[in-house]
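Work through the exercises below with the structure open. Each task is followed by a solution in steps.

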Amino acid sequence: MTDRRNPPISPRKQPKQARSTGLIAIILEAAAQVLAKEGAQRFTTARVAEKAGVSVGSLYQYFPNKAAILFRLQSDEWRQTTGLLRDILEDVQRPPLDRLRILVHAFIRSECEEAEMRVALNDTAPLYRDAPEAQAAKASGQQTIQAFMQEVLPEASEATRILAGELMTTTLSTVGKDFSESPRTPIEIEAYADAMADMFCAYLDQLRRSPPSPET
């Protein structure tokens, strides 16, 4: 029996031709528009197919259900965020805390620019958040964060580095989401990102100066 709480979210098949790849791109673009306009509660495969100008049968060739479409949209967003993390945090030509400051500004701007879509995707998270595919997608970003923490806090214990990474990523995503839910001016975004970056840098600088003992 199929578990309705955990519908399959992997694509039915992978595109092998440019035409198929193009069709998937059209479907995903339509899905993003439907999600942004209708919200998670009114999101259906029928609406996506209609918006994309394809039959529901053509859509089902690649996506078994709406959860699979939504997970693909979320996966693409995770990949973009992971790419942003990697590009900025692995730029060893800049001092680590400068990289962190750049990351905070880029992340907050991105949250505000794509707030409507991100809020809608967050509402759909219960459909796939416990799926193995979702856990694997998140793990990639966590690895980048921990590599950065190893560089910034080489004398700290592993537990301290893990805590620092989790605290910053959770704060950044949660507070960034709340901040972006209201329209913001460029000046407000800059000021908010500066304040958050100051907070993170001060926290890491304190840990770097006097890391907790392993027993702490």
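**Exercise 1.** Is D205 buried, partly exposed or exposed?

Solution. The model is a predicted one. Step 1: the relative accessible area of D205 is 23%. Step 2: buried means under 20% and exposed means over 50%. Step 3: D205 is therefore partly exposed.

**Exercise 2.** Find the salt-bridge partner of D205 and describe how the two residues are placed.

Solution. Step 1: the partner is R209, and the closest N and O atoms of the pair are 2.7 Å apart. Step 2: both residues belong to helix α9 (residues 186-209), where they are four residues apart. Step 3: this spacing separates D205 and R209 by about one helical turn. Step 4: R209 has a relative accessible area of 64% and is exposed, while D205 is partly exposed.

**Exercise 3.** Describe the salt bridge of D76 with R72 and name the network to which these residues belong.

Solution. Step 1: the closest N and O atoms of D76 and R72 lie 3.2 Å apart. Step 2: the cut-off for a salt bridge is 4 Å, so the pair qualifies. Step 3: D76 and R72 are four residues apart in helix α4 (residues 66-89), a separation of about one helical turn. Step 4: D76 is partly exposed at 22% relative accessible area, and R72 is partly exposed at 31%. Step 5: salt bridges link R72, D76 and R79 in a network.

**Exercise 4.** Which parts of the chain does the salt bridge between R99 and E151 link?

Solution. Step 1: the side chains of R99 and E151 form a salt bridge with an N to O distance of 2.6 Å. Step 2: R99 sits in helix α5 (residues 96-113) and E151 in helix α7 (residues 132-152). Step 3: the two residues are 52 residues apart, and the pair links distant parts of the chain. Step 4: R99 is buried, with 1% relative accessible area, whereas E151 is partly exposed at 38%.

**Exercise 5.** How many salt bridges does the model contain?

Solution. The count is 10. Among them are D205 with R209 and R99 with E151.

**Exercise 6.** Describe the surroundings of T45.

Solution. Step 1: T45 lies in helix α2 (residues 45-52). Step 2: its relative accessibility is 11%, so T45 counts as buried. Step 3: beyond its neighbours within four places in sequence, T45 is in contact with L59, Y60, N65, K66 and I69. Step 4: with Y60, the side chain of T45 also makes a side-chain polar contact of 3.1 Å.

Technical notes. Residues are numbered from 1 along each chain as its sequence is written. This is a predicted model: local features need pLDDT of at least 70, side-chain atom pairs count only at pLDDT 80 or more; totals for chains, interfaces and linings use all residues. Side-chain values use heavy atoms; hydrogens and water are left out. Buried means under 20% relative accessible area, exposed over 50%, partly exposed in between (1.4 Å probe, protein chains only). A polar contact is a pair of N or O atoms within 3.5 Å; within protein, one must be able to donate a hydrogen and the other to accept it, and residues adjacent in sequence count only if both atoms are side-chain atoms. Contact means heavy atoms within 4.5 Å.
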